[in-house]
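I opened this entry to record what I looked up on pockets and salt bridges. The notes follow the order of the look-ups.

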Amino acid sequence: MTDTAIEPATISHWINGVSTPGTSGRSAKVYNPATGQVQALVDLASAEEIGAAVEQATAAAKKWRLVPLSRRAEIMFRFRALIDGQRDDLARILTREHGKVHGDALGEIARGIENVDFACGIPNLLKGGYSEGASTGVDVYSIQQPLGVVAGITPFNFPAMVPLWMIANALACGNAFILKPSEKDPSASVFMAELLKQAGVPDGVFTVIHGDKVAVDAILEHPGIAAVSFVGSTPIARYIYQKGTENGKRVQALGGAKNHMLVLPDADVNMAADAAVSAAYGSAGERCMAISVVLAVGEVGDELVQAIASRLPALKVGPGSDPQNEMGPLISREHCDKVAGYIASAEAQGATVVVDGRQQSFEGDGFFLGVSLLDHVKEDMDAYKDEIFGPVLCVVRVPSYEEGLRLINENEYGNGTAIFTRDGGAARQFQFECQVGMVGVNVPIPVPVAYYSFGGWKASLFGDTHMYGPDGIKFYTRSKVITSRWPDPSSSRVDLGFPQNK
C-alpha cells in the first residue's frame, strides 16, 4: 500500500461577500513555521483582479455610507461578540501560520478587539461642531464624511491585530475596506471576513485580496482607492508613502523600529530584567514594539546582564501548539538565517555573546532559533544599527543618562522607548526630551490603548496621522464645513463686497 500525497489547501480571495478563487494563475506557499512544511497555497492577485474588486467595493461604499450610525455601531457590536466567542479558533489559525504560541495569539486578538470596542462608539466619534448665529441669520457647522474605498496592507507578525487597527474604524466611518494581508499567513483575514459578514456587513464592503508586490502596486495606482494604511519595514513604508501620495492618495505608513530601554542605576533590577526578557523575546522578537536594545547606565550594567542571562535558560521554546512553550519559531527559514547572521556579525565585530540562540537544538525542520543576549554592543555594529526582528537582545553600556538619551535621539527610528527608574524627576525629563512617538515609564512595551493612537516618529512613520484611535477616525474621514442662512426673503440684496460676519 502506498501513501497518497495530500494536496495543500488553497486560500482564496474574499470578494463581494464570498470566497473567490484567483484567476492570475499565480500562488505562493504558506508554511507551518513549526514544522517547515507547506500547508497551503494562497492565490496571488493580478492588477486586473484588484480592479474588479475595487469596482465591487465602490458600488458597495455608495450604499454603506447611507447606513445610519446606529446601525453601523450595532454591526460593530455584533462583530466584537463574534470575535470574542471564537477567539480560540482564530488563535489556532495564528499559531498554525505564524508560529506564535497560543497565549501570545490570544493576547494579539485581545488587543485587536480593543479597537472594535472603540469603533462601537462611532455615533459619538463622528459628532461634528455647530455654531449658531456665526453671523446675522447664519449658522456654521462641520461634519465628517467617509472617503469611499480605502485599503490596508498589513504585515505577517500580527495577522489579526494590525488589520483590526484599520478595519474597525474604516468600516464604522462608512468606508468600504480592501485588505491585502501578508501572503505568509493569510487565513486570519479570511476568517475575520466571514465574521464580518455574519455581523451584518453588506457584501462588497469588506474585501480580502491576497498578493505580492503586483497587488501592492495595483492598490497604490488604482484611482478608485482614496487612502492606504500600511504597517511593515521602513524601506517598504517609504515606498508605499511616496508611490501612494504620488497617485493622490492619503497614506499612513508605519515603518521599522529599534526600540531602546534605558535602565538607570536606581532602577529595580529584577523588574527591569523581567521587562527586558518579556519585551525582547515575546513573539520571538517579531514585533515593531520589541525592546531590542537595553542601555545600561553606569554600574547597573553587570548586575542587569547577569539578571537577564539567568532568566533565559528557563524559557521554553518550541511549537506554538504546545501550551507549555513560551516562544515559537520565526516566520521563515530565510528570516531565521538572517537573524542568526546578526549574532555572528556582532561576535566578529567585538560584542560578547552571553547567550547564543544558535547553540540551542530543536527537533524537526521548523524555523526555530533560541534566544540570544549580546553584551558590550557598540553603536557602529550591525546588530545595533539594523532592525533585527528576532529574539536577539543587545546591551549597550553607557556612562550616563545623557549618553543614553543621545543614542535614542540620534537613532533613525523613533517608534517606542522606555525608561526604568525610581526617580520621578528623571522619568519626567526623559518623556519630555526623548524623540520617540511612544514612551514607557517602567513599562517596556508602551502600546497605547485603543482610545489613543499608535505611531512613532522619524523613520518609523510616514504620513501625518498615527494608527487607530482618534487619529484613525481622522484618517478615514474628511471634514466638511457648511455655512447656511435662512433669512427673511425681504432682506435679501446684491452685495459684491468681501463676505463679512456681522
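**Pocket lining**

I looked up which elements line the largest pocket: strand E4 (27–32), helix H8 (213–221), strand E11 (227–231), helix H9 (234–246) and helix H12 (333–348) each supply at least two residues. I note that the model is a predicted one. H12 gives the most to this lining, with five residues.

I then took the volume of the largest pocket, which is about 1100 Å³. Its lining has 43 residues, and Phe156, Lys184, Gly232, Ser233 and Ile236 lie nearest the centre. By class I noted 20 nonpolar, 11 polar and 12 charged residues in the lining.

**Salt bridges**

I searched the whole structure and found 23 salt bridges.

Arginine 80 and aspartate 117 meet through their side chains at 2.6 Å, N to O. This pair links helix H2 (residues 69–85) to helix H4 (residues 102–119), with the partners 37 residues apart. Arginine 80 is partly exposed at 25% relative accessible area, and aspartate 117 is partly exposed at 35%. I also found Arg80 and Asp117 in a network of salt bridges with Asp84 and Arg87.

For arginine 311 and aspartate 274, the closest N and O atoms are 2.5 Å apart.

Glutamate 410 and arginine 406 form a salt bridge at 2.6 Å, N to O. Both sit in helix H14 (residues 401–410), four residues apart, so about one helical turn separates them. Glutamate 410 is exposed at 55% relative accessible area, whereas arginine 406 is partly exposed at 25%.

Key
Residues numbered from 1 in each chain as written. Predicted model: local features only at pLDDT ≥ 70, side-chain atom pairs only at ≥ 80, totals over all residues. Heavy atoms only, no water. 1 Å grid on protein atoms, 1.4 Å probe; cavity = no way out; pocket = protein on both sides within 12 Å on 5 of 7 lines; lining within 4 Å. Points joined across faces, edges and corners; volume = space filled by probe spheres on them. Nonpolar A, V, L, I, M, F, W, Y, C, P; charged D, E, K, R; others polar. Salt bridge = Lys/Arg side-chain N within 4 Å of Asp/Glu carboxyl O. Buried < 20%, exposed > 50% of the residue type's maximum accessible area, 1.4 Å probe, protein only.
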